[in-house]
Amino acid sequence: MNDWAPIAKEYDPLKAGSIDGTDEEPHDRAIWRAMLARYVPNKGVTGDPHLTLFVARLNLQTTEEKLKEVFSRYGDIRKIRLVRDLVTGFSKGYAFIEYKEERALLKAHRDANRLVIDQHEIFVDFELERTLKGWIPRRLGGGFGGKKESGQLRFGGRDRPFRKPINLPNMKNDFYGEGSAEKRNWSREGTRDWRTRDRDHERSRDKRWPERERSWGESERERDSKEERSRGRERKDRDRKDRDRDRSRERDTKKQRDDDKHR
């Protein structure tokens with residue numbers, strides 16, 4: 001924890017795949033690919049890497065002339081390299097800008113990030129391929145980019161720095177007896193052994209069992225009483241209907257006799 005920093009000082013694909021740089025196992029295949037990669041920086045690239053900026057998320061229509069117009073306001077530019085496709089010649093959306101002075105580099109790094117060029121918000125950072133030890137590019141599973149949709153986010157860079165880890169006590173190792181022998185030898189005063197815990201658990205369970213049986217018995221009685229009341233109501237309803245039907249029959253019979261007399 002003492003050497004923790006939000007920006008990676010040395011590139012490690014496993015740490016870059018973690019939001020706080022503390023992962024111990026890869027969580028996606030790209031991290032495995034980056035860990036197994038043996039990447040060597042392009043020796044054909046010239047210029048001073050410590051005076052070079054990386055500019056990404058460019059509009060595909062943005063040209064070298066436009067980049068020179070925008071970035072020359074921060075200082076004198078030595079060279080601009082807009083990366084293009086070898087076959088089509090179209091822009092790939094990122095470029096490298098080399099300044100003559102470090103002061104201009106730092107000013108552009110501070111002020112040009114999130115600048116809008118040709119309706120695109122750009123991203124500006126120092127060149128990392130030749131300056132960050134162990135660097136693995138994004139096409140090999142490394143880098144500091146990634147999208148939430150792909151599930152391959154990378155952390156430790158300027159755009160997505162590490163979050164400070166939560167300082168939790170080291171309980172896991174001690175709990176499972178994986179620590180040192182001194183830690184595993186629990187004192188009788190401080191912590192009870194597993195047998196005592198199991199015995200207490202059994203006792204508490206035996207105490208709780210009659211209470212559960214009592215509560216279950218009460219619930220059964222309540223349910224029986226409810227059913228008995230509902231059956232009683234149903235019998236009353238049937239008796240009332242039968243009485244009403246008999247009365248209506250008696251009235252019809254009496255009326256019929258009266259009609260016969262008058263005839």
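The largest pocket of this predicted model is lined by 31 residues, of which F54, A56, Y94, W135 and R138 lie nearest its centre. A pocket here is an open set of points on a 1 Å grid over the protein atoms alone, with protein on both sides within 12 Å along at least five of seven lines, and lining residues have an atom within 4 Å of a point. By class, the lining comprises 13 nonpolar, six polar and 12 charged residues, where Asp, Glu, Lys and Arg count as charged, Ala, Val, Leu, Ile, Met, Phe, Trp, Tyr, Cys and Pro as nonpolar, and the others, Gly among them, as polar. Strand 3 (91–99) is one of the strands that supply at least two lining residues each, and strand 3 gives the most, with four. Strands are DSSP runs (E, at least two residues) numbered from the N terminus.

Y94 belongs to strand 3 and is partly exposed because its relative accessibility is 28%, between the limits for buried (under 20%) and exposed (over 50%), with a 1.4 Å probe and protein chains only. Contacts of Y94 (heavy atoms within 4.5 Å) include F54, A56 and L82, leaving aside residues up to four places away in sequence.

Strand 1 is largely enclosed by the rest of the structure, because four of its five residues are buried. Strand 1 pairs with strand 3 in the antiparallel sense over four bridges, pairing requiring at least two DSSP bridges, and F54 stands opposite F96.

Residues are numbered from 1 along each chain as its sequence is written. Local features need pLDDT of at least 70, side-chain atom pairs count only at pLDDT 80 or more, and totals for chains, interfaces and linings use all residues, while side-chain values use heavy atoms, without hydrogens and water.

Note on methods:
1 Å grid on protein atoms, 1.4 Å probe; cavity = no way out; pocket = protein on both sides within 12 Å on 5 of 7 lines; lining within 4 Å.
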